Structures are given as structure tokens and as C-alpha cells.
There are 2 protein chains.
Amino acid sequence: MKPFVAAVDWGTSSFRLWVLASDGTVLAEARSDEGMMKAISLGFPAVLDRHLGDVGAGADLPVMICGMAGARQGWREAPYLDTPAALDDLGAQAVTIDGQIRDIRILPGVAQRDPDWPDVMRGEETQLLGAIGQGTRSGLVCMPGTHAKWVELRDGVVRRFATVVTGETFAVLREHSILRLALDGQPQPEADDPVFLETVRAVYQDPALGVARLFAIRAGPLLGVRDPAQGAARLSGLLIGMELAAARARFGSIGKVQLVAAGRLEGVYRAALRAVETSVETVDADVAVRAGLLGAARTIW
Amino acid sequence: MKPFVAAVDWGTSSFRLWVLASDGTVLAEARSDEGMMKAISLGFPAVLDRHLGDVGAGADLPVMICGMAGARQGWREAPYLDTPAALDDLGAQAVTIDGQIRDIRILPGVAQRDPDWPDVMRGEETQLLGAIGQGTRSGLVCMPGTHAKWVELRDGVVRRFATVVTGETFAVLREHSILRLALDGQPQPEADDPVFLETVRAVYQDPALGVARLFAIRAGPLLGVRDPAQGAARLSGLLIGMELAAARARFGSIGKVQLVAAGRLEGVYRAALRAVETSVETVDADVAVRAGLLGAARTIW
């Protein structure tokens, strides 16, 4: 099959490239940790060229990029689309990198310029474009991660969205707070961990108490009234429970959610959402970002 | 006046000693950063002896200590009193350090061995003993700090309490999360900062949305829709607002609160509590801990 586009998801700390045929078939791929943070010093063109060489891309193969490469501190700033943002417009709004032998474009992120709820995304909008091609074009979408995004879609338009820094809060509390003494070396919980699910449910029911439950993760084992091995499950359940309650408060209901996720996180969020009576359908996050990059490429080439 | 006792508040990261007359008059004092963390390597007796020498304490002056020196990893473990814990019993339950030329005792902390709400305090119980001598013996007490404590008292008995790790969460998010980009170099807010107070009120009214407001501290200035200088005021207001809402959820009402605090934190919490219609009376935290140590000493010597 003939290569149609090199699709690149260029995040803060990761780089992923797929050579795609026009029907989306993956002909080759490359991954590395040369995300924006490393590419700033290595040079964005050098990183991209090396990966294109590794996968044997022809000199005329165009490149479609999403993510932090389009941030102000990235390769070239791709100005945000403002909410309400039509996902079908993403390709047309991509910026072109000048002075390259091939056609290289970077997709815009989406900004919510509401002074009460200012918010930004870069990369997730491309996953959303891919997801709406496979699932529904309207409804609530949950995209878990370091900075989880909750997005209200209506007919392919991002109406409003909310970022909840669940993954990052877990990481900084585990590494830098008193809770490190209770979580030392513990893996993140599996989706069927009963302590995790019970904590999600309890916090979702009474989210105001969430912050009053953090210290107990340390005090419980200290006093011998809780199993020391449950610390990570409790912290994860607590933060995800607070996230779900925040989404309910912001969007009115989370009765039905489209989950764009992959791997362990997909299982954990699906289980957490089901524990609070949410109906969940999953779109694989990797499939979604490739489909979004391909969809945007098709509107141009 | 004749020295009656050396009163020592020995925290995780600070050491404070006062030579007190029997009526509580401060005859001499010493402070350092030789809290438990440093004293573990320096040796607790060496740290104490040096400070006693500096203030010219006689060889027969007894020493009453509260705080982390009584933790398992401290000088000598002073087992917790369990809730419901009568503050008047603290002195009688102090442990004696053997093999010293003078009488040295460490006061116990208080433990809440409820598997749903396990919690511990060390040091605050002594402030409480001092505070009830000056204020009310019943009601809700707020003790702000790295690990803020909310305590329900009835006739001098600690019925139940809750720790909210507000100060520590502020510190780890400021130093280690994406929010550091929005807070860099900003001081903590003053008590009359309108953005701080407005944030406290908004989060107190709808605490479930608290975690959904964190990322906006970064996104607002990035999009130019919020003043970049307001980041610390917003984060502080958000965390204190969540703390007040958690206290309301846990104790039913925070309509009337005794605040045991000092310095900037006293002003900030008084303003935050008044912003949510709470009636506040303050007991100075330094005065309270001295009064508590003196009160406990009087029950023994």
C-alpha cells in the first residue's frame, strides 16, 4: 500500500509517528521519549527527520502533527481554535512549517477563553476528531491522564471542557508529600481493586469530604487500623472519585460517557465510571489519535 | 521570678523552648530549626542540653515537651491517648525520659482509631489544652498549618478531629506541578486579598468543583484572561475553601469556630472563615502551646 501521510502525536514527553495509508492502515511506526521537552534542545526538525528516515519515508510524504509541538514554546505556535470549536475545521486551521522539503503541518489546540473557566488542550482535540468518526458526535467524553480532559460535544463541536489534573496530583502527592510514607513502592491499582472502587464510590457520594480523607491514607496504617498495602488504591480512588464528582458538578450529569483511553488507565476509568452507575463506551486513544490525524490530513491532501 | 519549667514545643522541623515561671511569665526563650528531622541525627539530648545551657537553666529545672519528639521515630515514643481524649489527662500520661539529670517528660499525642477516619495529632493537643484554659471548653477548633487540624471539643474532651493537608498541598503543587509556571515567585496572599476571598467563597459554595478549578490557575494567564499575579491567591483560596467545606461536611456546621493560630496564617484563616459567615474567636497559637505545657507541668510538679 502507498504511504499517504506521516501522522505524528508530539506530546510534552513523548513522540509517536505512524506512516499511514489513505485508508488508515499503519505501514510503519516509531516511538521515543523525544517529546517537546527534549525536542526543544535537540531541535524539532532533527528529531522528526531522524524518525522519518528510520521508517523510510519518501521525501514527498507530507507530515501531520498534533500536540505540544504546536505550543508557544514548541516548534511553531499553532494558534488555538476557540470554543465552540468545530473539530472538522482542525485540518484547515493547521499551520504550515516553512522552508522544509516536505509539507509539514501542525494542528491547533482548543482554548476556552471564559474568565471563570479558562482552559486549553493540545492533542486531545485530534483524538476527539478521530473518536467522533468512530463513536458519537455528541455527548460527554472523558480522556484520562496526567491532565484529564472532560469534553462536552454537540454534533462534532467542542462546546466546553474541563481539565482535572488527577494524574499529576497523584504523582506529586506520592513523591513529595507525607503520603509518600504510605505509598512507597506501591503500584497504581488495578481496575478490579475493591478498595479502589469503594473509595471512588464514597468520595463521589460526598466529594466535599475528599480532602479530609487524604491524611487518613497515612494515619490508617500508622495506627494499625488499615492495611498498609492499600495506600495507592486509596489515593487513586480518592482523586478519581473527586474528578468524577467535579465532572458531574460541571456538566450536570455523567450518566453516559465516551471514554477515550488505552491500557491500564482505560480499565481503571471504565471500572470507576461503572462503579458510579455511568454507562461507558470506550474508543481506544491510540486508534483515535491516528484517525484524527488521518482525518485532518484528508481535508488537505 | 523563679523558673518553674522549661516548656518545649518540638515539631517536625522546628524547636522552641521557653523558661516559664509558675504563673506563665516567659523568663527566657530559644528557637531553632532543630526539629525532629535534624534531632534524629544530632541526638535529642544534645539539642535539648545545648538550648538549656544557652538559656541558663538550672540542673534541677524540669522539662515538659510536646510534639514529634514523642513520635515513634522521635526521642522516645509517648503512646497516643485515644479519642474521646480528656485534655486534662495529658500531663498524667506523659512519658518520662530515663537516665537524665533532670526530670524530662514528653506529652502524648491523640489518636482516632476509627477505620473510616483514622487520624493522629502530636503537639496540637497541647495547644488545645492551653486554648481551653483561655477560651471555651466545647465547640469546633480550627488549627491551620501544614497539616491543618479541625477538632470537636466537648467539655475539654477531644471527641473527634480531622486533618486536612492544606499547607502541604499548597507547597507541593507550587513546587512540583504544572502550577509552578503560574505561581513562580509569588508570595502567599494577604488576608484582605479580594481574589483570595472570592475564591474561598466560590469553592465553599460548590466544593465538588474545586479540583476542576486547579488547572485554570495556569490556563487563565496563558490565555490572557486572568491576571498572572493572582495565581497564589487563587490556589490558596481554592485549597482553604475546600478545607472549610470539608470541615462543614465532617462536623455538620462551621458557624462558630475557635481559631488557634498566629501570624499571617491567623489573619488569612480569620478572613476566610468570616467570608463564609463563620463567627471566629482567635487564641494565639504560641500563647496556647505555652499555656498547655505549663498546665500539664502543673498537674505533675
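Across the interface of chain A and chain B in this predicted model, the rule finds zero salt bridges. Polar contacts do occur there: nine residue pairs, both partners at pLDDT 80 or more, are found between the two chains. The area buried between chain A and chain B is about 3,900 Å². Carbon and sulfur atoms give 73% of that area.

Each chain brings residues to the contact: 46 come from chain A and 46 from chain B. On the side of chain A that touches chain B, the elements giving two or more residues include the strands β9 (110-112), β10 (119-121) and β13 (157-164) of chain A.

The arrangement of the two chains was then examined. Chain A can be laid on chain B with an RMSD of 0.1 Å. In chain A, the C-alpha nearest the axis belongs to A208(A), 3.0 Å from it.

Chain B holds an open sheet of six strands, in the order β6-β13-β12-β11-β14-β15, with mixed pairing. Its edge strands, β6 (85-86) and β15 (279-284) of chain B, each pair on one side only. Helix α11 (residues 285-298) of chain B packs on the sheet. This helix touches β14 (256-261) and β15 of chain B, and its direction makes about 60° with that of β15(B). Within the sheet, β11 (residues 139-143) and β12 (residues 148-154) of chain B run antiparallel, joined by five bridges. Here L140(B) stands opposite E152(B) in β12(B).

Definitions and conventions: Residues numbered from 1 in each chain as written. Chains lettered and ligands numbered in written order. Predicted model: local features only at pLDDT ≥ 70, side-chain atom pairs only at ≥ 80, totals over all residues. Heavy atoms only, no water. Least-squares fit on C-alpha atoms with pLDDT ≥ 70 in both. Pairing = 2+ DSSP bridges. Helix = DSSP H or I, 4+ residues; strand = E, 2+ residues; numbered from the N terminus. Contact = heavy atoms within 4.5 Å. Axes fitted to C-alpha atoms, helices over the stretch in contact; angles between N-to-C directions. Buried area = accessible area lost by both parts, 1.4 Å probe. Salt bridge = Lys/Arg side-chain N within 4 Å of Asp/Glu carboxyl O. Polar contact = N/O pair within 3.5 Å; in protein donor to acceptor, adjacent residues only side chain to side chain.
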